[in-house]
Amino acid sequence: MELFLKLTDLSKSYPSPEGEERVNVFSEVNLEMSKGSSAAIVGPSGSGKSTLLNLIGSLDKPTSGEVYVNGQSTGEFTADESSEFRNQSIGFIFQSHHLLPQCTVIENVMVPALAGFGNLTGKELHQSATELLEKVGLSHRMNHRPAEISGGEKQRVAVARALINQPDLLLADEPTGALDKANSKKLIDLLVDLNQALALTLLIVTHSPEIAKQMKATYLMDEAKLAEI
Amino acid sequence: MSLWRIILNNLFYFRRQNLGVALGVALCAMVLIGALTVGDSVRSTLSKIAEARIGKADMALLATDGFFREELAKEILRKLASGTVVAPVVVSRGTISLPDGSGRVGNVQVLGVDEDFWKLAPNIAHSPIGSRTDEKNWPEWGGDNFYANDRLYKLLNLPDLGRIILRIEEPSLFSRDAPLSGERDNKFVSFNGKLSGPVSADGFGHFGIQGNQREPLTLFIPLSTLQNRMFRSFDKEKENTNFANFLLLGKPELGSVSEESARLALEESWTLEDAGVTIQPLRDTSDFSVRARQVFLNPSLEKAAQSIDLNATGVLTYLVNSIRSNNLEGNGTRLIPYSMVSAVDPKKVLFMPEDWEKDEIMLNQWAIDDLGVKIGDSITLSYFSVGERRKLVKGTKKFTLRGVSPNPPAIVKGEESDWTPQYPGLSDAETCGEWDTGIPITHKIRPKDEEYWNQHRGSPKAYISLQAGKELWTNRWGSLTGLRFSREIHSPEIIEKKLKNLMTAKQAGLIFQPLRADAKAGTDSPVDFGQLFLSFSLFVIIAALALAGMLFTFSIEQRNNQAGLLLALGLSKKKVRLLVLSEGLCVSLFGVLIGGGLAFIYGQSMISLLSGDWSGAVSGTTFEYTIQVQSILGGGIAALLMSICTMAWSTRKQLKFEPRELLLAGENLNLSNFKQKKKKWNRSFCFSLLLFIGVVVVCLTTDFRAAGASEGYFGAGAILLLSGIFYFRYYLGKKIGLQTAVLKSAQDLSNRNMGRRTGRSLVTMASMAAGTFLVVSTGAFRKGSPVSSENPLSGTGGFSLIGESALSVYDDLNGAAGRELYDLNESLLQNTHIVPMRLREGDDASCLNLNKAIRPKIYGVNPNEMAGRFSFADGDWSKLKRRLPNGKIPAVVDQNTMMWALKKGIGSEIQFLDGEGRIFSVQLVAAVKGSILQGALYIPEDKFVQKFPQQGGYRSFLISVPISETPKIQSYLEDKFSNYGMELSESIIRLSELQKVENTYLLIFQGLGGLGMLLGTVVLAVVVARNLIERSGEFGTMEALGYRLKDLRSLAFSEHFTLALWGLGVGAISAFLAIAPAVVGKVGQFPGKEFISFFILLVFLSFGWIKISVYFVLRKSQIEHLQYE
């Protein structure tokens, strides 16, 4: 299988409030994922799962080590290249959906396509967004605003938004954290379907063993180390 | 732990936000307190000017149109408490010239004063009798040592103290307008005196009766020096010159003279002589006659005298040009020139039968013999009466000879007939050839006439009935020249006593003026500068309050979840609100304290500007910065209340939410509920459309070039502004909630964001739009310098020159007779027309005087001469011809004077005292728009002379002359009338001076409004920063979704700059419509480069602030806001 994501000796630490010593989040983390694979990262709160996801998604810079996505080191990206990388290669699903309240459901889906990196415009974009909403089962809600739909629906909108630029890597940071069991299941089923149907590489951070089980691999982040279980 | 502890913790913990709020409040307090201290300073300065003007005097007694005995001062003094000073003064006007002819100053107030006057000086040490005279090397007060006040002294500009020549008018016994008043040209008295020094304000150099802030040009002369020359012909019989026309009363040491005690003292002290009334024993009978110094008995005197005895015999003796026989067959001379004729009631004299008809005449034997007429013959009397502008109007009347009276007894030189009053220029003439009656002598005076004069003086040669006499010779001064009482019934002493009891001092023309009370009332400026600056600073106040309110709201919104928590913990909404507002109160209090300190700087800056760049608004007065405690307290409390109200209003919605909502939603609680507002947005569009239609209608129906176009288009601009604001509201709604099209670009997202905080965006846009509109459009009301004075409908009324003289000119300067009399060059003046106006001195009610005009000046004008001149806001000159009920007199007034100085409207009435101290009402019937007529009331001339019969001649002149000839005519007339102190100025200059005041007010408004607007852009910056901070999470998301930070900055900038441009655009377009008449129709002044530069500055400032705010908030990645989750 083609190697898609590779983390080599990735470390992250923050300056402590006292200033002298640094707080180590994790160190020398290594990970490899092939294209179209799926994996879950589990671990106790504060272990650095989300931080790791942010480093992979180029939302943050590592203290040391390298992140390779599709053979490219993200650490060498300029700010613009980082933006383009996030926009074109990554689909991010946050625990909190982060939908724009002033935009309708379909507009929220379209927002990443307007960043100026892709080729989708006008009717084509609208068509794509509609199809994605159909895929996540929200075609009947496309002209509603975020305030007018449920939490589960919001998260599905976030999924559709993450997919609009046809990314290679889908990063989901506790996507079911604010959802009930039924909605959680629906969402994870959707992510798994997408992983299989679109050959997307899926990396999910979760506390739920059930969700982790649905992934092809599971890693435990604990005591500043990542280990496959 | 108490609630106060929570408040204190909040104050400290959120100190940065609170400091911002406090600064906003401080700004508001600074402007409020500062503006009030400007008012304090103006009032205090005016009060000091008034104090300097009246010194230690409390009251003034004026003889409205005559002179009283100087002795009256002492008599009044005796009846007043010790320590009182009553100073007799002679007030006159004159011209001063230098002996070498190198300089001349006209229209100078000349004061004949004695040492008592100086005792009432603000500081006697500085007066000519004060202790400092030695330091100044001033000579002893008296003799021919004259003193000028500092203003006159500077104007005379004598290198060394030298001699000056003063020329004043010798007072006439009675008005020179009156028939037989003597010489036709004025008599002058000249003084050659030594100018001994300048009298400062402290030394009483600024003394004046009128409540004007600028002191008059005053020359002080020792009283006796002035009296000896001025009154040399006044009382030849007694050779008395001790007269005065003004008393000044005051208590220099302690206390003040009460009005009541002064009036009481006057009523007890005045005599008939002070009113110019004499009881004269008759030579030929035992009767005696009541006579007036003014020859004709005024109506009050006549009424009072007749009320004592209805049988008193009224006599009217008049000089006729000729007594002519119409009997062609007679053998006499047919004409007797220049004779006295007495009119008397036939029922009250024995020598006329009771059934005497009014067309019957009795001649004395001398006349019968001279004319050779017999009973039944027709006799014609020809005479002159005095018409308008002292034009002699010839009249004739035919009578039938019915009786003959014996020849009059011989009269010794220097005396006069019992029947004839002392006519000036006549009674004192040695021979007929010396007569100076003011009428042309066209008939030859024969030796027999001279003989009659020598023997019988002015004894009448004919008698007619009083009824006939009154019909022929009644004039505005009276209808009798004497009233005879029988000594068998009355004694002169009793009559004198009764007459005095029947008349008041006022009726005798002696009128008290409460100087101190008037000065106090006068300093209540018609323009309250405190309020004026408050209104001018409105935008600064609004901007400061908006800033404080917004910062406070932001600070509170940040703590929505805390409020939710407190509610969840069981605190009542009332208590939570109390916590919020108590925190606001503490912050506001702190802000007010800072603002109070800053107010000194602000107030002083305003006062400096008023004394400098803005001095046009205050006629160059220099103000002292003064602060009243009540202004600091009032302004501080007002700022505190306003900021608390703003805070309460801006946070009013917070506690309407449930605790759960507050806990969950945090600071994004107030996001719009789009569907609920859909109806409102559609309604906004309808309003906008309706208002726009209104704008179109106003524009289509208002002529750009017509008078009133500025006001009309200002209204249209204001409506367009509202329409624009409503449309923007709809636009916001459309962007956020009514849109049908989906996003096409990231720019669409930016536009839509504008509508997220509809209220915030709308307030920002509307305040910028309103500010831009008002600041720019008020420029349209600035008056441009008049280009030509020749347009009769302009503010000059078509008059190129305007002026006043110190002394009255009595004759018509347009007529051949008048021009001949004054030796005026007919060909030079062929294109010149002079409109004279009678003047009753009073307070200047123009905008050049900051004092309240208690008694405005009155001009008497001929409405026919003014017809078609000036533009009227209401009515026209013909309204002066209206007959008003209850004896009210109509008046035309300048609109600015009416509105601002007098605070009146059309139909309002103002009360004045006439020449006899009686109250009469003047009703405002027409208002002239922005003109040189500012500062006074204009009443019909005929009514003027009725009310002020003793006030003769004209002292004010409006002169129409082609512009090219203006300078030449100005210097010619000033030269010709130099003895009269005539000073002319170009009416355009006068109008510009008046307009400068108005323009400066607008400039101040624009300046402070502009400052408010500039501060408003700071509010914009705060709004931008706040909006962006609120949306940091969104920006983080968008960054996570691949948006570049620079793109996000550009989107944020575009969103907010669009908002600013909407405000500036709507404001500018509306303002442009408002100034359209100035731009297109040349009505008013085009705001010009100020308008453009102000607008550009606003655009740049908005641009700059938004850039700074965007950069400040989005200078680094917002992704960290996602990470904090």
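**Notes on the predicted model**

1. Chain A holds an open sheet of six strands in the order β6-β7-β8-β3-β9-β10, with mixed pairing (strands are DSSP runs of E of at least two residues, helices runs of H or I of at least four, numbered from the N terminus; two strands pair if DSSP finds at least two bridges between them). The edges are taken by β6 (90–93) and β10 (225–228) of chain A, each of which has a single partner strand, so one side of each is left without a neighbour in the sheet. From one strand to the next the twist averages 20°.

2. On provenance, this is a predicted model in which local features need pLDDT of at least 70 and side-chain atom pairs count only at pLDDT 80 or more, while totals for chains, interfaces and linings use all residues. Residues are numbered from 1 along each chain as its sequence is written, and chains are lettered from A and ligands numbered from 1 in the order in which they are written.

3. Within the sheet, strand β3 (residues 38–42) and strand β9 (residues 217–222) of chain A pair in the parallel sense over four bridges, and A:Ala40 stands opposite A:Thr218 in β9(A).

4. In chain B, helix α24 (residues 758–777) packs against helix α30 (residues 987–1030) at an angle of about 160°, with the axes 10 Å apart (axes are lines fitted to C-alpha atoms over the stretch in contact, and angles run from 0 to 180 degrees between N-to-C directions). α24(B) and α30(B) are therefore roughly antiparallel to each other, a term used for angles over 145 degrees. The contact of these two helices has seven nonpolar, nine polar and one charged residues (Ala, Val, Leu, Ile, Met, Phe, Trp, Tyr, Cys and Pro count as nonpolar, Asp, Glu, Lys and Arg as charged, and the others, Gly among them, as polar).

5. Helix α1 (residues 49–56) of chain A is mostly covered, eight of its eight residues being buried (20 or more other C-beta atoms within 10 Å of the residue's own, with C-beta atoms placed from the backbone). Among them are A:Lys49 and A:Asn54. α1(A) is followed by A:Ser58, whose phi is positive, near 65°.

6. The contact between the chains takes 26 residues from chain B and 31 residues from chain A (residues are in contact if their C-beta atoms, placed from the backbone, lie within 7 Å). On the side of chain B that touches chain A, the elements giving two or more residues are α23 (746–754), α31 (1032–1040), α32 (1045–1074) and α35 (1120–1123) of chain B. The residues of that side divide into 13 nonpolar, six polar and seven charged.

Technical notes: Parallel < 35°, antiparallel > 145°, perpendicular 65-115°, else oblique. Buried ≥ 20, exposed ≤ 12 C-beta atoms within 10 Å, placed from the backbone. Contact = placed C-beta atoms within 7 Å.
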